[in-house]
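Subject: Handing over a structure, with notes on what was found

Dear colleague,

I am passing this structure on to you, and the sequence and model follow directly below.

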Amino acid sequence: MVIVNEQRKLSASLSLIFRCKISCIFVLLTQFTLSLVPRFFAASPFIVQFALSGLVLLLVQTLCGWCRRLLGVRASAPAFVFFNILFIWGFYIAVVRQAVSSLIGGLFNIEVAMIIIGLCSIMSKDPGLITNEFPHLDKLVEGSELGVDPDNENSLSRKRVRYCKICKAHVEGFDHHCPAFGNCIGQNNYFLFIVLLVGFLATEASYVACSAQFVGKSQNFDKSQSEVA
């Protein structure tokens with residue numbers, strides 16, 4: 001029995017490693033495609049570049065999803081999110097940082113650091129899991145809600161409780177299960193979820209602005225070099 005459990009753990013670990021590798025490949029493909037936007041649309045306004053980046057990201061993610069289904073492989077969504085953030089930060093520090101102002105650079109670093117802290121928090125934070133100590137919990141089925149008990153203001157039944165088939169648990173204030181964060185979104189982490197969404201948009205906007213600045217300076221430098229030559 002012990003050997004069987006060890007084999008299962010090993011198999012699960014190998015499967016997780018493989019899915020993380022697939023996620024890393026998709027991250028590289030996504031970031032390479034996004035890098036083409038400021039290079040080919042450097043003369044366009046920032047808002048146009050930002051909108052194009054979002055469109056390209058959606059298109060690449062759709063194509064990656066088709067490829068995964070076609071090849072029959074699975075990726076880790078939380079790993080994909082983390083690798084994206086780390087790749088962006090690493091590329092900024094290694095390449096882009098030299099071309100942007102200290103103010104924009106400092107703002108971008110703070111945004112990325114807060115995003116990473118927020119990701120760690122939402123992945124580990126209890127979304128509002130409910131234990132079996134509450135009455136009538138066993139009557140809840142997938143997708144159902146507890147009714148309202150008007151005689152008890154502190155009753156759990158006054159709040160929405162639903163069953164998540166992925167986490168296999170009842171969650172108070174259940175909104176949905178977020179694959180990107182690998183956790184349910186419930187009463188305890190809903191606000192953090194909204195903050196993270198806004199943070200992702202702000203970070204992406206800052207990264208596009210930094211990349212556009214870098215590409216613009218690079219092109220100006222190339223022009224000056226060619227004129228000197």
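The protein has an average pLDDT of 75, and 78% of its residues score at least 70, where pLDDT is the predictor's confidence in each residue, from 0 to 100. Please keep in mind that this is a predicted model, in which local features need pLDDT of at least 70 and side-chain atom pairs count only at pLDDT 80 or more, while totals for chains, interfaces and linings use all residues. Residues are numbered from 1 along each chain as its sequence is written, and side-chain values use heavy atoms, with hydrogens and water left out.

**Overall layout**

The protein holds five helices and five strands, taken as DSSP runs numbered from the N terminus (helices are H or I with at least four residues, strands are E with at least two). Along the sequence they follow the pattern α-α-α-α-β-β-β-β-β-α. Of the 229 residues, 31% count as buried, where buried means under 20% relative accessible area, exposed means over 50%, and partly exposed lies in between (1.4 Å probe, protein chains only). Among contacts between residues at least 6 apart in sequence, 60% join residues at least 24 apart.

**The sheet**

Three strands form an open sheet in the order β1-β3-β2, with antiparallel pairing; two strands pair if DSSP finds at least two bridges between them. β1 (129-130) and β2 (161-164) stand at the edges with a single partner strand each, so one side of each is left without a neighbour in the sheet.

Two bridges join β1 to β3 (residues 169-172): leucine 129 has valine 171 as its bridge partner in β3, and isoleucine 130 stands opposite histidine 170. On the other pairing, β2 and β3 run antiparallel over four bridges, and there tyrosine 163 has histidine 170 as its bridge partner. These two strands form a hairpin with four residues between them, and lysine 168 in the turn has a positive phi of about 55°.

In a regular strand the side chains alternate between the two faces of the sheet. Both faces of β3 are covered, with Ala169 and Val171 on one side and His170 and Glu172 on the other, all of them buried.

**Two loop residues**

Lysine 125 lies in the loop between α4 (102-124) and β1, and counts as partly exposed because its relative accessibility is 36%. Leaving aside neighbours within four places in sequence, lysine 125 is in contact with Asn183, Asn188 and Asn189. Of these, asparagine 188 is 63 residues from lysine 125 in sequence and 7.8 Å from it in space, C-alpha to C-alpha.

Serine 44 lies in the loop between α1 (2-40) and α2 (46-71), and is also partly exposed, with a relative accessible area of 22%. Serine 44 and alanine 212 are 168 residues apart in sequence and 9.6 Å apart in space, C-alpha to C-alpha.

**The pockets**

Rolling a probe the size of a water molecule over the atoms shows where empty space is left. On a 1 Å grid over the protein atoms alone, a pocket is an open set of points where a 1.4 Å probe fits, with protein on both sides within 12 Å along at least five of seven lines, and its lining residues have an atom within 4 Å of a point. Grid points are joined across faces, edges and corners, and a volume is the space filled by probe spheres set on the points.

The largest pocket has a volume of about 790 Å³. It is lined by 31 residues, of which Leu57, Gln61, Phe80, Val81 and Asn84 lie nearest its centre. The elements giving two or more residues to this lining are α1, α2, α3 (77-94) and α5 (190-228), and α2 gives the most, with nine.

The second largest pocket has a volume of about 270 Å³. Of the 16 residues that line it, Ser35, Pro38, Phe91, Tyr207 and Ser211 are the closest to its centre, and the elements that give two or more residues to the lining are α1, α3 and α5.

With best wishes

Key: Contact means heavy atoms within 4.5 Å.
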